[in-house]
Amino acid sequence: MPDVTPDDLAAPQRPGALATAQAQLAGAVDALGYGEGMHAMLATPRREINVAVPLRRDDGRTELFHGFRVQHNVSRGPGKGGLRFHPAVDVDEVRALAMWMTWKCAVVELPYGGAKGGVAIDPRHYSRAELERVTRRYTSEIMPMIGPERDIMAPDVGTDAGTMAWVMDTYSVNRGYTIPGVVTGKPLEVGGSKGRATATSRGVVHTTEAALREARTGLDQVTVAIQGFGKVGANAAVIFADAGSRVVAVSDQYGAVHRDGGLDVTGLVEHVERTGSVVGFAEADPLDNEALLALEVDVLVPAAVEGVLNADNAPDVRARWVVEGANGPTTPDADTVLADRGVVVVPDILANAGGVVVSYFEWVQAQQAYWWTLAEIEHRLAERMQMAYDAVAQVARERDVSLRDAALVLSVQRVAEAHRTRGLYP
Ligand code: NAD
C-alpha cells in the first residue's frame, strides 16, 4: 500500500484541533489542581520556527511554501514528532499535534517531549524530485532546531520513509558525518528498525487485549470491526485475526465489507493490493460505511480520520470497546455519550502509541549503532504497552474517570513533575 494516499490528503483537518488540545489540557490541569503558572507553561510551546520554503519546479518556475516546526515541550527529553505535508497545515494545527505528542510520549514513558512539523504543500501535485528539494530545503531551514538530542522527526500524513532518508541525509551532509538518530521511520537500509511498519497496529491490539483482560475475556473471544484499511487498520486486521479474533467488517473511504462468520483477512489484503479498495471483495457482503460504526460487535477500531464518532452517531454504537487507532476519532460530545452508555474508549494517546514506542527503539538502536531482532522489538513493545495501559487504568480507577481523562491526567502530571524537578532557570 502506498504511504501517501489521496484520502490522507483529502481528510478534513480536525476542526479547532488547538482548541480541543487546550481544552483537554485545561481539564487535566483542573483535575490536578495546578495553578496558573504551571498551566501557562504546559499550554505554551517551548519553541517554534516558521520558515519560507522556496522550490525550484521541474519546469524552472519558483514556488514558495510555508513550513513550521513546533517543540511543545522538551522537559522530559528531545522533541519527538512527525513531519506532515498537507495543503491545510498551519501553525495552530502543528501546535496541537505537538502538544498531543508530548502527552503520548509521557503516557508510554519515553524520554521525549513533543514536537511536530509541517509544510503547507499538496504532495500529490509535485514530482518526487520536487518533494525531495522541498524536504531538503525545509530541513536546512530548521537545522538549528533539530538533532538526535534536540528534536527527532518521523513520517506523518503526506510523508514517508523516503522523506526521512532525505532529512537524515541533508542533516548528515551538513554536519559532515552520518547521523541516523535525527529521524525515525527511516528505510531499513539506512538504520530503520524492524517492526516499525506494524508497530502502531500491534500497539492497538495489545491495548485491546489489556482492556479485554479487565473484563475477563480475550482476543479469541471477540468480534471486531475496523474503520480504515490503511497502514494502521489493515495491519491491525491481520494481527487481530492471527490472535483469533473474528474480524467481521472493515471499511475504507470507498465503502465497507461485512461477513458474520469473519472475513478472510489475508484474502482481503491481497484484494486491496490488487484493486486499491476493500470494495468488491467476493467473499463478503457490501455494507454502508456509516453502518460499520453501528454494527453489533465487541470491539470497534476507528483507524481512519478524525471526528468520525460524534454526537449524531455515538448513540448508535453497539460495540462495548472503542479502541482509537486514529488520532482524535471521537469528539468530546461523543465521548460523553459513550461514557454514559458504558462503552470503554481506549484513547488515541495510549492506543496508537505503539508507533512512537518503536520509533524510540529505532533511535536507541541508532545511538548505539546496534540492531535488535524483530522478536526483541515486539517483546519490548508488548511490555511497554501493557505497562502504559496498567498505569492509565489505575488512575482511572483511583479517580473514577474515563481512560481518556486518566491518560491525560497521568501524562500532564509526568510532564509537570519534570518541570518541577528540574526547577526554573535562572
Ligand atoms: P492511511 O492513509 O494508511 O489509511 C487510512 C485509511 O482510512 C484508508 O484505508 C482510507 O481509505 C480510510 N478512510 C479514509 N476516510 C475514511 C472514511 N471516512 N471512512 C472509512 N475509511 C476511511 O493512514 P494510517 O497511517 O493508517 O493512519 C490512520 C489514522 O491513524 C490517522 O488518524 C493517523 O494519524 C493515525 N495514526 C497513524 C500512525 C501510523 O503509524 N501510521 C500512528 C499513530 C496514529
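Residues are numbered from 1 along each chain as its sequence is written. In this predicted model, local features need pLDDT of at least 70, side-chain atom pairs count only at pLDDT 80 or more, and totals for chains, interfaces and linings use all residues, while side-chain values use heavy atoms, with hydrogens and water left out.

Trainee: Which strands stand at the edges of the seven-stranded open sheet?

Mentor: Strands here are DSSP runs (E, at least two residues) and helices are runs of H or I (at least four residues), numbered from the N terminus. The open sheet has mixed pairing and the order S9-S8-S7-S6-S10-S11-S12; two strands pair if DSSP finds at least two bridges between them. Two of these strands each have a single partner, so one side of each is left without a neighbour in the sheet: S9 (285-287) and S12 (344-346).

Trainee: In S9, what is the bridge partner of Val257?

Mentor: S8 and S9 pair in the antiparallel sense over three bridges. In S9, the residue bridged to Val257 is Pro286.

Trainee: Is His258 buried or exposed?

Mentor: His258 lies in strand S8 (residues 255-258). Leaving aside neighbours within four places in sequence, His258 is in contact (heavy atoms within 4.5 Å) with Val248, Ala249, Leu263, Ala284, Asp285, Leu287 and Leu295. Buried means under 20% relative accessible area, exposed over 50% and partly exposed in between, with a 1.4 Å probe and protein chains only. His258 has a relative accessibility of 17%, and therefore counts as buried.

Trainee: Which residue caps the N-terminal end of H6?

Mentor: Helix H6 (residues 161-175) has 15 residues and reaches 21 Å between its first and last C-alpha atoms, close to the 21 Å expected at 1.5 Å a residue; the expected span is 1.5 Å times one less than the number of residues. Its buried residues pack against strand S3 (79-85), helix H5 (128-142) and strand S5 (151-155). At the N-terminal end, a side-chain oxygen lies 3.0 Å from the backbone nitrogen of Gly162, and the capping residue is Asp160.

Trainee: How many residues of H13 are buried?

Mentor: The 15 residues of helix H13 (residues 354-368) should span 21 Å at 1.5 Å a residue, and the end C-alpha atoms are 21 Å apart, which agrees. Just after H13, Ala369 takes a positive phi of about 50 degrees. H13 is mostly covered, and the number of its 15 residues that are buried is 13.

Key: A polar contact is a pair of N or O atoms within 3.5 Å; within protein, one must be able to donate a hydrogen and the other to accept it, and residues adjacent in sequence count only if both atoms are side-chain atoms.
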